[in-house]
Amino acid sequence: MGYNADNCKKIAEIYREKNFRAQKEAEARKEKLHMLFPEIEAIDNVLAETGMKIFSAALSGEGDIGKKMEEFKRANDELLSARREILLSHGYPADFSDIKYECDKCRDTGYVDGKMCSCMRRDLVMAGYESAGVGKLIAKQNFDNFDLSYYSGAEREQMARVYNSVKSFAADFQENNARNLLFIGMTGLGKTHLSSACAKAVIDRGFDVVYESAQNIFSDFEHERFSRGYNSEETSVKTDRYFECDLLIIDDLGTELVNQFTTSCLYNIVNTRMCSGKSMIINTNLKRGELMEKYQDRITSRLFGEFEICLFAGRDIRSQKLERGKY
């Protein structure tokens, strides 16, 4: 699995800056103490010399190294105790000049014993929400709050099957092991809710997700094709993410202006991702017949042949919420 590459670079730089800032702030506090209390400066100078003596003794290998180390440690402890007493007597905390890291486990490096710290993983997940385009959606749309009470009878049974299938998709998601879902159903039946819930769950597991509307996706391709031209070195920069992310979620397919260019873009995305084993979720308000009428056979044959069809049934949930006074 791999987090979004740009997010990794950004977060790594943030951690470098945090670590550097923590050390600089501690150094500034120490300099303040030295200005106020010369006796502390003297102790710090001796402590620094003691450190060098320990290092030299270890390298030389002469004499009883263990005994020397004990002596150095005892002298060190006495100096630290005296320093602590001076600080406390003047109303300063004993750790005033210590380095204050945001995360004591990794000391703001992002790693503990060569493994990513939970704090960096959390920051990468949060960055993943934003880069995926679901930062606001996941605040109110996840698997836990998908409410089946808005469906009844056979429709509820159908939506329970859809819910379980999508949740299983997210839980079992693997990189480069394509499993694709096609959400079909009228507006207001939960397609966007389950799409964003799936995005959140997959991002939480450390995968790179892009969630974008069909209109915006084709707009990006159109901008790069007609504003810069195919020969521009920057042409594919923005649209690369639609091919490279671990999971691509295309929202509202069919709302875009369908023409030869957008159809070609859609085929390119679907075909390229299928060939590279990368997963997709596509949701649409169009019915099967409308999709087949709107798009070319080479696209619809892949949608209905290679995607698991999730049929959304029921009555517009937004309307039901208005009736129940939940908006």
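Helices (H or I, at least four residues) and strands (E, at least two residues) are DSSP runs, numbered from the N terminus. The structure is a predicted model, in which local features need pLDDT of at least 70 and side-chain atom pairs count only at pLDDT 80 or more, whereas totals for chains, interfaces and linings use all residues. Residues are numbered from 1 along each chain as its sequence is written, and side-chain values use heavy atoms, with hydrogens and water left out.

An open sheet is formed by 5 strands in the order E4-E5-E6-E3-E7, with parallel pairing (two strands pair if DSSP finds at least two bridges between them). Strand E4 (209-213) and strand E7 (307-311) are the edge strands, each pairing on one side only. From one strand to the next the twist averages 15°. Within the sheet, strand E3 (residues 180-184) pairs with strand E6 (residues 279-284) in the parallel sense over 4 bridges, and Leu181 stands opposite Ile281 in E6.

Helix H5 (residues 153-171) lies across E3, strand E5 (247-253), E6 and E7, and runs at about 145° to E7. Axes here are lines fitted to C-alpha atoms, for helices over the stretch in contact, and angles run from 0 to 180 degrees between N-to-C directions; contact means heavy atoms within 4.5 Å.

The axes of H4 and helix H6 (residues 191-204) come within 9 Å and cross at roughly 140°. On the H4 side, Val125, Gly128, Tyr129 and Ala132 meet Lys200, Ile203 and Asp204 of H6. The residues of this contact divide into 4 nonpolar, 1 polar and 2 charged, where Ala, Val, Leu, Ile, Met, Phe, Trp, Tyr, Cys and Pro count as nonpolar, Asp, Glu, Lys and Arg as charged, and the others, Gly among them, as polar.

A search of the whole structure finds 1 cavity of 30 Å³ or more, a cavity being a set of points, on a 1 Å grid over the protein atoms alone, where a 1.4 Å probe fits but cannot get out. Helix H4 (residues 118-132) supplies the largest share of the lining, 4 residues. By class, the lining has 6 nonpolar, 4 polar and 1 charged residues.

How values were computed
1 Å grid on protein atoms, 1.4 Å probe; cavity = no way out; pocket = protein on both sides within 12 Å on 5 of 7 lines; lining within 4 Å. Points joined across faces, edges and corners; volume = space filled by probe spheres on them.
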